[in-house]
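Me: Please go through this structure with me in questions and answers. Give the cut-offs as the terms come up.

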Amino acid sequence: MSGTPKILLQARGVARAFGEGARRRAVLEQADFHICRGEHVALLGRSGSGKSTLLNIIAGIDRAESGVITMNDTDLARLREPARTLFRREHIGFVYQFFNLLPTLSVFDNIALPLQLLRMPEKEIARRVAELLNAAGLDARGGDYPDQLSGGEQQRVAIARALAHRPALVLADEPTGNLDAAAGRRALKLLVGARDTKDAPGLLTATHSREVARAADRVIVLDGGRISDGGGDKQEQLAW
Amino acid sequence: MVKDRLALALARRLARHRWQAALSALGVALGVGVVVAVDLANHSARQSFEVSLRQIAGNATHRVIGARGLDERLYAQLQRNGIRRAAPVVEGGVRLRGEFFQLLGIEPLAESAFRGWAPPLNSSAIVGLLGGEDAVLMSARDAQRLGISAGEDARIKVAGAEKIVRIAGVIKSGAGGDGLLLADIAAAQRLLNRFGELDRIDLILNASEVARIKELLPADARLVVPQARNRARAALGKPFQTNLAAMSLLALLVGGFIIHNAARFSVLQRRELLGCLRMLGATHAQLFARVMFEALALGLVGALAGLLAGAWLARMLLHLVARTIRDLYFAAPAGELQLPPELLAKGLALGLALTLLAALLPALEAARAPPQAVARRSLPELRARRELPKWALAGGVAMLAAAALAAVPGGGVLSGYIALFFLLVGFCLAAPLLALLLARVCAPLFGALFGFRGRFALRGVGAGLSRTGPALAALTLAVAATIGIGVMVESFRASVSGWLTQALPGDLYISIPANSSRRAATALPPGFAGDVRALPGVAAISSGRSVEVETAAGPAALHAISFAPKSYASFHFTEKLPDLWRGVERGEMTIISEPYAFHRGLRAGDEVSLLAAGGARAFTVGGIFRDYGSERGALIVARDPYARWWGDDAVSTLGVYFSDGNDAENLTAQIKSVAAAYDARIRVTSNREIRGYTLRVFERTFAITRVLRWLVVAAAVLGIFSALLALQFERARENAVLRACGCTRGEVFALGALQTGVVGLFAGLLALPLGWLCAQLLIRVINPRSFGWTLASLPPVSTPSVYLEALALALFAALLAGLYPGWRTARASPAAALREE
Amino acid sequence: MRKLFPVIFAALLAACSAEEPQESAGGIPLQQALGAGGAEYRQVISPRDFVFPRDHAAHDGFRTEWWHLIGTLQAENSGENFGFQLSLFRIAPSPPQKETPPKNPRSNWRATHIWMAHAALTDARGRRHYADERFAREALGLAGATSQPLSVRVGDWEISARGENFPGRARVVAEDFSFDLSFAPQNKNRAPTLQGDAGLSKKGAAPGEASYYYSLMRLSASGELQAGGKTFRASGLAWLDREWSSKPLAAGLSGWDWFALHLNDGADLMFYQLRDGDGNPDSHSAGVIANADGAETRLTSRDVVLRPLRFSKTGERYPLTWEMQIPSLQKNWTIHAVLDDQKMDVSVRYWEGMVEVKNASGKVVGRGYMEMTGYE
């Protein structure tokens, strides 16, 4: 990294609760954090602590009840449909624990879909997808369907899909959670390796895995619904 | 073409469940098919009826008609006085090869201006007509259909007697003339036994001639304008056709339910896909448009299939509709089925509109699909459950609106049908909530009867309400419709039957078959009545003469009756003036039937003007009586005044009353032998036979209703079927767990059947009150407003069979529909279902 | 599915019934309308005695009979020239013996004869020709010829006797014209002219190809007429032709040109030229010329030479100007149609109208009518 790291995403006071009346539960109470351009931040926290919720809020899939999330001079929390969806389409990539590929499309088409949504011309799509398949080591598998791939291969396709449109921010929710060690390493390499290019995306991974956390530049912890925006010490967190 | 990956992703999943798509298309096809079929049949029947009226009328601007027939010398008189464009006509109904034909006697020399479709003067056909034999012309189309060629002889039946005519030629197709036998007027007079008389003189008059001709006409002749009369005549068939059309819309409604259901299912089943697409950046609008497009594509296929099916079905329906019109109105045959493009386009548009409407909600749901990674299956269910009360409230409001509409007096048939529509839709909106409540109420009972299985089945109904709700509503609708129509038909039959018992107090009825219903029936030989009366064992006779008379509002059926003592009791009056019978005997009053009063807006005490031999005569309406004999209605006057004023003392019917304690068979045989002695075709029928015949015609008229009823039920069964298939898919996991826990295939099947049975039972139970309400609407509002009849309203206890049948139908339909899905469920491998995430 | 759509649509469209075009009922050529009757009709074979006024009425048993009344009039005040025509045809569609005995002869509409009537008026100055027709059957008093009183009537068009005179009166009321005229013979003592051989006028070589034919060639006429909305009192000369036959036109002949001329010097000329299929005159053409005293000279096809000079512009090319030469009598006339379009535009098509006769120097020496058939 050269120069002053520019802030990509800034979150302040994000709060979200679920349930009605007596059963109301605050999943997020006060989340303050930031992510810089090209920075890999790992989000740690116990299961059920709201990591997925936070990721969903950032992606615009869920709405925060209060707080401000600024990215690209836009307050994501204030955006309404369809602006939210369009923002997500252009600037955000998402990777899931359970892959979430479209079973009715081929590998090639799965990766191409977000590009088509962005109205990219077919020729360029073909080029970009080929590039990504190559990076994922799946050149020959373009015509196969997800149910013909192993778990690791599927996740790599999912990562390729998330990176296809060169989003400013990539969110990953337990990306290796469903993979064995070897596959997980390969997937992580693909995911994190993208940051070696210029205009690298910011990456926020919610994870349990030490490997993932170790690969990160910074670690933030979600505890009791709160994240404090501190730099954090990696070693300290890893002991946890 | 650029590959639309979004569309592909969704469509491929749809292709996995082709049956749903097929059912959806089938639903549209069924709805559109029935509507188009009825529309086409009605249109064709109406068209050919109007065409036949018009071609008989031709270009005439005016027409001279008489009280009972015109003196033929009037024609010569008009000619002598410079009324040049005049065409005399003698017509009557005949039967050729069992089919009804109108024998039209014309003056070929005067025809060219009038009926352009008649052959020109120089044709051999016309020369053949003037040749002096019993020569007739018929249309090429009819000739081909009946296998008759020019030059052949043919047998026709006129007033029961058989006569031979020669087919002198054929009239080219397309020019008109279907259902007609064209003859020279001299031949027609001879065949129809109408010497010295004309039925009418058609005229083309300019303004000055109109003024002049009025002075030339005798007192008992009248100048009328044909177009208005034709319109009035054609309008008679309208209520009948409106009823048919309304019933067909019912099928459309059910078809709509099927589409709705299928669309809902397709959305639910692709919820995860949709969520994923939303996550990837597809907007609400994109997904909405996609689902709507899919629905429309299926709708288009279904609608087109429906058009084809409808055209095919229309052919059969046309036959039924035409037969009814012919039975009731003695009109020329219906001709061919026409397929006017506007009607087909209308059917297509209706199908597409229906699809759009039905798929709207599911498409909105698809658009609102949360872009969550993990599917929350219970969400739509919860939402559906929450919204139930809202729908039920809307339903209640609709039903109240229906009641309000129905209660407003003086409304038309249309408002009656709108009320029916609101009632049905309202109830269906409330049906899911009612089903839920019903489930809660029945829970203890079911638990007691079936143990945990019963409770499981009941809860399943509630849990799957978003899928089963619409299907339940559709089945309820269909079954309620069958109840409603069934009860109405029963009450109709009871009314007609009761009326027949009352209206035919005589033991025997004697008549001479008429050559057509529009002209005076041939008379019984003079002296015959006296001979019958003189027989020992005959207590009394009543005699009657039935003719068509001119009133201010057009032609009407008049019966001139000489009453026997028992005849008076045969009338059931809804309105009556004091001193009625005396007024009738004196010729001051007339009694009119309910439909007649309804169509003319008459009450007791109003005046009616009838055209008699010496000019118009006024009668006071003395009473209005129930009569199901014809929905045109009729007037009754006493025979003596009639004979006096119309110069016609002939008798065409006799009612014979036996004395008590007589051997009816013996007496009947005696009367028949008396009749045989006269050289006339006298018909002697017992009142039992008449009842039988009337009820047969009644059944025939409602045959078409039965056909439609079954179509509607079939549509509903389809709806249940598709809903259950959907349910089975959704429940795959649950059922797999059951199997994993040790339930056998048979037990899983039984559970499914129980659940299906519950759906059917609930639909049936809910249909009972709805059906009764529908019946009330039909009996008290729609029928009277269409035809003017008052029907007896029967309490449910007197028609238990209709309700029980309906309940059984609902149960059976549901179980039948559930067979295949249940079988699939039982057969499914638990492992596959459990393997899914 | 996409491919199937247009097919289905086309099938649906094709199923909609197509309207068949109606056959247009055109006019009927005169010969066909009058037609040749078969052997069952009475034939004109041998000469007969003519008795008047009895023979003015109808003769049963023949296929066709007509009363053909024409004339030229001048309006009293304005001197405008008019021509009028009233032709009443009596036709027996079925021969008398062939009639099956009526099974139940009670319908008063049964008729053995039907009538066809043509009426026309030519307004020379207004350059208009009016024509109308009537049809009626001989039943119920709708049409017929009666002896007592002597009257021939179709609807309200009538030629009747007045006193001893026949024709005495002719009345026609049509849509846009009418006339009511009285007639009297110019010379009371002059008997009706029997055409041909004492009234038997041969039209062809075969027996029966002939008609009984007489004419009242010169009558004075006067009365009222209405044309173009105006009423005129007029007077002039008239001519009545009477014929009955069962074969008025021989096979192989296509039509005729007939002339009835009133010459200013008191002479009357009748000549008919029969034409064969190629338009050449037939040898049975004949006529008569009577001078002012009534002395008659028979004319044959050799005596009269007719040459058409000018034709109409319409498709049928009616000859509208003729040259008539009778060398034996030193007659050399041209006959001119007063109006080009005097076609009878009724169910039967022919040309009949007013003509002027001019001598070699172009002076008008007579008036009359000519009738041309067989050009359609």
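Me: In chain C, what share of the contacts between residues at least 6 apart in sequence joins residues at least 24 apart?
Reply: The model is a predicted one, in which local features need pLDDT of at least 70, side-chain atom pairs count only at pLDDT 80 or more, and totals for chains, interfaces and linings use all residues. Residues are numbered from 1 along each chain as its sequence is written, and chains are lettered from A and ligands numbered from 1 in the order in which they are written. Two residues are in contact if their C-beta atoms, placed from the backbone, lie within 7 Å. For chain C, the share of these contacts that joins residues at least 24 apart is 56%.

Me: And what is the figure for chain B, for residues 24 or more positions apart?
Reply: The set is again the contacts in chain B with a separation of 6 or more. Residues 24 or more positions apart account for 85%.

Me: How many helices and strands does chain C have?
Reply: Helices (H or I, at least four residues) and strands (E, at least two) are DSSP runs, numbered from the N terminus. In chain B these runs come to 27 helices and 19 strands. In chain C they come to 2 helices and 24 strands.

Me: What percentage of chain B counts as buried?
Reply: A residue is buried if 20 or more other C-beta atoms lie within 10 Å of its own, exposed if 12 or fewer, and partly exposed in between, with C-beta atoms placed from the backbone. In chain C, buried residues make up 44% of 376 residues. In chain B, with 837 residues, the value is 50%.

Me: Why is strand 5 of chain C described as largely enclosed by the rest of the structure?
Reply: Strand 5 of chain C covers residues 128-137. The description holds because the number of its 10 residues that are buried is 8.

Me: Which residue of strand 5 of chain C stands opposite C:Ile114?
Reply: Two strands pair if DSSP finds at least two bridges between them. Strand 4 (residues 114-123) of chain C pairs with strand 5 of chain C over 10 bridges, in the antiparallel sense. The residue opposite C:Ile114 is C:Arg137.

Me: Which residue takes a positive phi in the hairpin of strand 4 and strand 5 of chain C?
Reply: This hairpin has 4 residues between the strands. The positive phi, near 55°, belongs to C:Arg127.

Me: Where is the kink in helix 25 of chain B centred?
Reply: The bend at a residue is the angle between axes fitted to the seven residues ending there and the seven starting there. Helix 25 of chain B spans residues 745-787, and B:Gly788, with a positive phi near 90°, follows this helix. The kink is about 40° and is centred on B:Leu778.

Me: Are helix 25 and helix 26 of chain B roughly parallel or antiparallel?
Reply: Axes are lines fitted to C-alpha atoms, for helices over the stretch in contact, and angles run from 0 to 180 degrees between N-to-C directions. Helix 25 of chain B packs against helix 26 (residues 800-827) of chain B at about 150°, with the axes 7 Å apart. Angles under 35 degrees count as roughly parallel, over 145 as roughly antiparallel, 65 to 115 as roughly perpendicular and the rest as oblique. The two helices are therefore roughly antiparallel.

Me: What is the strand order of the open sheet with mixed pairing in chain A?
Reply: This sheet has 5 strands, and its edge strands, each pairing on one side only, are strand 5 (74-75) and strand 10 (226-227) of chain A. The order is 5-4-1-2-10.

Me: Which residue of strand 4 of chain A is the bridge partner of A:Arg12?
Reply: Strand 1 (residues 7-18) and strand 4 (residues 66-71) of chain A run antiparallel and are joined by 5 bridges. The partner of A:Arg12 is A:Val68.

Me: Which residue of strand 8 of chain A stands opposite A:Leu171?
Reply: Strand 7 (residues 169-173) and strand 8 (residues 202-206) of chain A run parallel, with 5 bridges between them. Opposite A:Leu171 stands A:Leu204.

Me: Is A:Asn100 buried or exposed?
Reply: A:Asn100 lies in the loop between strand 6 (92-95) and helix 3 of chain A. With 23 C-beta neighbours inside 10 Å, A:Asn100 counts as buried.
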